[in-house]
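Hi everyone, thanks for coming. Let me put a structure up on the screen and walk you through a few parts of the fold.

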Amino acid sequence: MTAPGEQTATPTIETPTVLRRLLPVDLLERTGRPFDPPAGLRRRRGAGAVQPLTLTNGASAWLVTGLDEARTVLSDERFSSDRVRHPDVAGTTPPRRVDSRTDGMFVFMDPPEHTRLRRLLTGQFTVRRMRLLESHIREVAVRHVEAMRAAGTEADLVPAYALPLPSLVICELLGVDYADRARFQEHTAVALSSNTPERERARAAGELYAFIQGLVTAKRAAPADDILSGLVHEADPPLTDVQLTDMALLLLAAGHETTANMLGLGTFALLENPDQLAALRADPALLDGAIDELLRYLSIIQVGVIRVATEDVALGGVEVAAGSTVIVAQPEVNRDPRHWDEPDRLDVLRPRSFHLAFGHGVHQCLGQQLARIELRIGLGELLARLPNLRLAVPAEQVPLRNEMLIFGVHSLPVTWA
């Protein structure tokens, strides 16, 4: 039982999962080219940057498909992230009093609560600190590529490379024993799958939460030189166990899920666009720009970011009423034809430009510098050390993560013989 005022991880995981189930299927299923937004989003292109959306339960929401309008939603304080004070149409608001803000799920908070908790982490993810990790990340990448080569001429790139690279790095940053990675990866995958029965998803979320709680207890007793120990012992005023568990859960899940899927899907996209792959091989200096283009082109956050209007707002030529749920469709926003020529084409020579792969505003991704470094080194070492890298199966046989909140591939069989 959860005592009044307490919070488990389940509502945070449930909100986007339940909302995904309420979306029309054509806004989710990727048919044809796996790198394009779902057909329903592409059909809506040109119908307005902010469009009315009827969910499968009959509820109404607004779908934002324009880049400028999305930036407004993500930066305007009239659009709230707080699910307690401002429930969304998913109906998964945690059963807690508004005056009992004791959790650490700061991505579901507004300032000033959000500001205080995020500030505790900002110093841990500076550009300078992330760059100091580059040599170690490169060592990890090289070690895993060479292990694939030593084992033969074929591999499944997801478990052999794309998943362990960011997992190992975030485990070391947080002070998590890498031997425990299978536990949190399995629980996270189950909890974030929309196809998982609710009871099983709740069980996985509970076990994941209990795992993180154990880490917090261990760091209280024996601190080390890691981010979680710093949060436990250096925050002023001190954080509660619930806050610490929530924050660690966010960092651990986000720190491996998103980057791992970008590595796998990004490699798949390059292999399916041989002219772009050839350009990168010919000039590795293009890699930084190519990372931004892949982030824009792939946009792996499937449902998009959710906000609730706290007052009537004029947005994109429509009136969004107070209390309305607004969904930012990132895959389509990042292909806004008003901002990019031929937005449906992957072009690693494209001039670098603003995109929403890492969000925008006060909730912009804390770990984006780490993710960029992991992607640059991960893709760079892979392409340099496996010059003949190609798919080992036809592209249509690559299993896509259509049922997951984070898009990607479940596996990517490759060969380099």
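This is a predicted model: local features need pLDDT of at least 70, side-chain atom pairs count only at pLDDT 80 or more; totals for chains, interfaces and linings use all residues.

Residues are numbered from 1 along each chain as its sequence is written, and side-chain values use heavy atoms, with hydrogens and water left out.

The chain has 16 helices and 10 strands; these are DSSP runs, H or I of at least four residues for helices and E of at least two for strands, numbered from the N terminus. Its C-alpha trace spans about 60 × 55 × 40 Å along the principal axes. Of the 417 residues, 57% count as buried, meaning under 20% relative accessible area with a 1.4 Å probe, protein chains only. Contact here means heavy atoms within 4.5 Å. Among contacts between residues at least 6 apart in sequence, 72% join residues at least 24 apart.

Now, please look at helix α10, residues 198-221. With helix α12, residues 241-271, α10 packs at an angle of about 115°, the axes being 9 Å apart. Axes are lines fitted to C-alpha atoms, for helices over the stretch in contact, and angles run from 0 to 180 degrees between N-to-C directions. On the α10 side, the residues meeting α12 include L208, F211 and I212, and on the α12 side they include L244, A248 and L249.

Helix α11, residues 227-234, also packs with α10, at an angle of about 65° and with the axes 9 Å apart. That makes α10 roughly perpendicular to α11, a label for angles of 65 to 115 degrees. Here L215, V216, K219 and R220 in α10 meet L228, S229, V232 and H233 in α11.

Technical notes
Angles under 35 degrees count as roughly parallel, over 145 as roughly antiparallel, 65 to 115 as roughly perpendicular and the rest as oblique. Buried means under 20% relative accessible area, exposed over 50%, partly exposed in between (1.4 Å probe, protein chains only).
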